[in-house]
Amino acid sequence: MKQTDRRRALRAGAAAVLAGILLAGCGGGPDEGAAPVKKAAAPAVPRATAPAGLPGMPPLLDPHDVYAADRPGMLSPVVKDFPSRIYVPNTGSNTVSVIDPATYRVVATVPVGDQPQHVVPSWDLKTLWVNNNRGHTLTPIDPATGRAGKPVEVHDPYNLYFTPDGRYAIVMASLDRELVFRDPHTMERKKSVPVDCYGVNHADFSADGRYFVVSCEFSGELLKVDTERMEVIGQQKLPFEGAMPQDVKISPDGRTFYVADMAAHGMWVLDGEKFTTPTLLPTGKGCHGLYVGRDSREMYVSNRGEGTVSVFDFRQNRLTKKWRLPGGGSPDMGGVSADGKVLWLSGRYDSEVYAIDTGTGKQLARVPVGNGPHGLAVYPQPGRYSLGHTGVFR
């Protein structure tokens, strides 16, 4: 073979190999496409640069963004046919109001147990669990039909989370002063972890899933818990007299935890790995809920005590906007619509729900609901699995 022909053959072979690599990299995530495509796509996931994750945890789609699976339109096949609804637990009415976001109207009212606090999507995305705190039950709701199933007896279920590997549900037993690890389907108790702080409340997991940070509302403390060992490995008192930590969220790059504080009127900024003393970033009176936008650029911060929402820019590392609800209100817990265009928040002390345009901050609607609306869930949302609360997806 001539030298020029040999070069052409080598170039052709290299092009064929490159084409094969590019083709293999075009497959979807773990929940998309046919089986052969998924197998071909697996080596393209940058696992070598991602943190060594909790065994059994689905690997991050992007090692630099824990929310990469939460983009608009990235609905799992499990939820893609579910009707879009807003599920609002009314703590004082013992009901869940179901809102159609297209019309801003309540289309159903579901009776549940005593003092429902949060509506929590299950790890496998198939069930919505209503946390009936004083009724000591969890009521399952089928998001395909909106119908409630038979309540499951669970003591003191103030809030509910799921380990990233899907192995356990974690009940935040606030008054019992326990973290209770349970079977995620039957809710059978597997291990109880006593804590010596008061009011275990909200949490979020590290990027690798190996630990999670828990807020203790009534004693102003934070816990660090080893996920696999199911043990508290760190505890600290927040440096503010009367601190009342609430919602917890990790930054997209996995380096920082943010903890809303209703009494300190701002977010604590915490290095989760070092678990050293955090610093306070003031946001507004009654800082309460934290919700990351669909592009991982901004986080919406509800300030319940002043009827505002602060907007935090992750890249600029600062607050950039503050939206005020017309006539005030008590914005509490909620979530972002599947397309990322609407922020939904419960009005805890006003028996209403707010719909806010995430592009302009304009209030789109106020929807009357029951008494004491709290941890509402926007469902379905993008994501491969749920970590719990009102919808933390990865």
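A search of the whole structure, which is a predicted model, finds 2 cavities of 30 Å³ or more, where a cavity is, on a 1 Å grid over the protein atoms alone, a set of points where a 1.4 Å probe fits but cannot get out. Rolling a probe the size of a water molecule over the atoms shows where empty space is left. The largest cavity holds about 170 Å³ of space, a volume being the space filled by probe spheres set on the grid points, which are joined across faces, edges and corners. Its lining consists of 16 residues, of which D70, V292, R294, Q381 and G391 are the closest to its centre; a lining residue has an atom within 4 Å of a point. Strand 20 (287-292) and strand 24 (331-336) each contribute at least two residues to this lining, strands being DSSP runs of E with at least two residues and helices runs of H or I with at least four, numbered from the N terminus. By class, the lining of the largest cavity comprises 7 nonpolar, 6 polar and 3 charged residues, with Ala, Val, Leu, Ile, Met, Phe, Trp, Tyr, Cys and Pro taken as nonpolar, Asp, Glu, Lys and Arg as charged, and the others, Gly among them, as polar.

The second largest cavity has about 30 Å³ of space and is lined by V309, W323, R324, L325, I356, G361, K362 and Q363. In this lining, 4 residues are nonpolar, 2 are polar and 2 are charged.

Residues are numbered from 1 along each chain as its sequence is written. In this predicted model, local features need pLDDT of at least 70 and side-chain atom pairs count only at pLDDT 80 or more, while totals for chains, interfaces and linings use all residues, and side-chain values use heavy atoms, with hydrogens and water left out.

Taken as a whole, the protein has 2 helices and 28 strands, and 54% of its 394 residues count as buried, which means under 20% relative accessible area, against over 50% for exposed and in between for partly exposed (1.4 Å probe, protein chains only). Among the contacts with a separation of 6 or more, 46% join residues 24 or more positions apart, a contact being heavy atoms within 4.5 Å.

T163 counts as buried because its relative accessible area is 1%. Beyond its neighbours within four places in sequence, T163 is in contact with W123, Y168, I170, F181, F205, T227 and L387. Its side chain also makes a polar contact of 2.6 Å with the side chain of D165, that is, a pair of N or O atoms within 3.5 Å, of which, within protein, one must be able to donate a hydrogen and the other to accept it, residues adjacent in sequence counting only if both atoms are side-chain atoms.

S310 lies in strand 22 (residues 308-313) and counts as buried, at 1% relative accessibility. A polar atom of the S310 side chain lies 3.1 Å from the backbone oxygen of T283.

Finally, the structure contains 1 disulfide, a pair of cysteine sulfur atoms within 2.5 Å, formed by C197 and C216 with their sulfur atoms 2.1 Å apart. The torsion about the S-S bond is about -50°, so this disulfide is left-handed. Both C197 and C216 are buried.

Key. On a 1 Å grid over the protein atoms alone, a cavity is a set of points where a 1.4 Å probe fits but cannot get out, and a pocket is an open set with protein on both sides within 12 Å along at least five of seven lines; lining residues have an atom within 4 Å of a point.
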